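Open the structure in your viewer and keep the sequence panel beside it. The tour moves from one selection to the next and says what is there each time.

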Amino acid sequence: MIGGWDGTAQVVISVPNIASTPRNRYLLDPKAFIAAYRQIEKSGGELIGIYHSHPAGEPIPSTTDIAEVTWPDAVYLIVGFVAGEAHLAAWSLRGGKAKAIELQ
């Protein structure tokens with residue numbers, strides 16, 4: 001999870017992936033998610049982003065990523081690994097559609 005204000009990241013908090021097949025799916029641990037969310041709020045920030053990886057693919061939202069989005073106001077950062085090289089992309093996931101966001 002990424003917390004911040006005015007669209008600028010200030011804190012990054014790792015939340016465990018509790019999916020039964022974590023290599024091709026992610027499911028955030030609900031208790032850890034709530035604790036991280038509270039930590040972000042206590043710091044005076046807001047949830048501005050959620051990140052995850054695609055260990056064997058491009059940093060492009062999957063149909064599952066798009067269908068299961070729970071925070072449409074957050075930016076979704078995806079780290080993809082292609083030929084052993086990491087690539088980062090940011091996305092807005094709203095209304096069943098993915099729109100690329102330029103990182104600064």
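This is a predicted model: local features need pLDDT of at least 70, side-chain atom pairs count only at pLDDT 80 or more; totals for chains, interfaces and linings use all residues.

Leaving aside its neighbours within four places in sequence, which residues is His 54 in contact with? The contacts of His 54 are Ile 60, Pro 61, Ser 62, Asp 65, Ile 78, Val 79, Gly 80 and Phe 81, with neighbours up to four places along the sequence left out.

**Stop 1: His 54**

Colour strand 3, residues 46-54, and find His 54 in it. His 54 has a relative accessible area of 16%. Buried means under 20%, so His 54 counts as buried. Now display the side chain of His 54 and the backbone of Ile 60: the side chain reaches the backbone oxygen of Ile 60 at 3.4 Å.

**Stop 2: the whole chain**

Zoom out and switch to a cartoon view. The protein chain has 2 helices and 6 strands. Follow the cartoon from the N terminus, and the elements come in the order β-β-α-β-α-β-β-β. Along its principal axes, the C-alpha trace spans about 40 × 30 × 30 Å. The radius of gyration is 13 Å, which agrees with the value near 13 Å for a compact globule of 104 residues.

Of the 104 residues, 31% count as buried. Colour the charged side chains: there are 8 positive and 10 negative ones, and the centres of the two sets lie 7 Å apart.

How much of the contact total comes from residues 24 or more positions apart? Among contacts with a separation of 6 or more, such residues account for 49%.

**Stop 3: Tyr 76**

Select strand 4, residues 75-82, and pick out Tyr 76. Is Tyr 76 buried or exposed? Its relative accessibility is 3%, so Tyr 76 counts as buried. Not counting residues up to four places away in sequence, Tyr 76 touches several others, among them Tyr 26, Ile 50, Trp 71, Trp 91 and Leu 93. Trp 71 deserves a separate look: the side chain of Tyr 76 reaches the backbone nitrogen of Trp 71 at 3.1 Å. Then use the distance tool on C-alpha atoms: Tyr 76 and Pro 30 are 46 residues apart in sequence and 18 Å apart in space.

**Stop 4: Gly 3**

Go to strand 1 and select Gly 3. With a relative accessible area of 1%, Gly 3 is buried. Outside the four places on either side in sequence, the contacts of Gly 3 include Thr 8, Val 11, Ile 40 and Ile 48.

**Stop 5: two loops**

Select Asp 6, in the loop between strand 1 (2-5) and strand 2 (8-12). Asp 6 is not a glycine, yet it has a positive phi of about 55°. Asp 6 is exposed, with a relative accessible area of 74%.

Finish at Ala 83, in the loop between strand 4 and strand 5 (85-94). What is the phi of Ala 83? It is positive, about 50°, although Ala 83 is not a glycine. Ala 83 has a relative accessible area of 85% and is exposed.

Technical notes
Residues are numbered from 1 along each chain as its sequence is written. Side-chain values use heavy atoms; hydrogens and water are left out. Helices (H or I, at least four residues) and strands (E, at least two) are DSSP runs, numbered from the N terminus. Buried means under 20% relative accessible area, exposed over 50%, partly exposed in between (1.4 Å probe, protein chains only). Contact means heavy atoms within 4.5 Å. A polar contact is a pair of N or O atoms within 3.5 Å; within protein, one must be able to donate a hydrogen and the other to accept it, and residues adjacent in sequence count only if both atoms are side-chain atoms. The radius of gyration is taken over C-alpha atoms; the globule rule is 2.2 Å times the number of residues to the power 0.38. Lys and Arg count as positive and Asp and Glu as negative; His and the chain ends are not counted. The place of a charge is taken as NZ of Lys, CZ of Arg, CG of Asp or CD of Glu.
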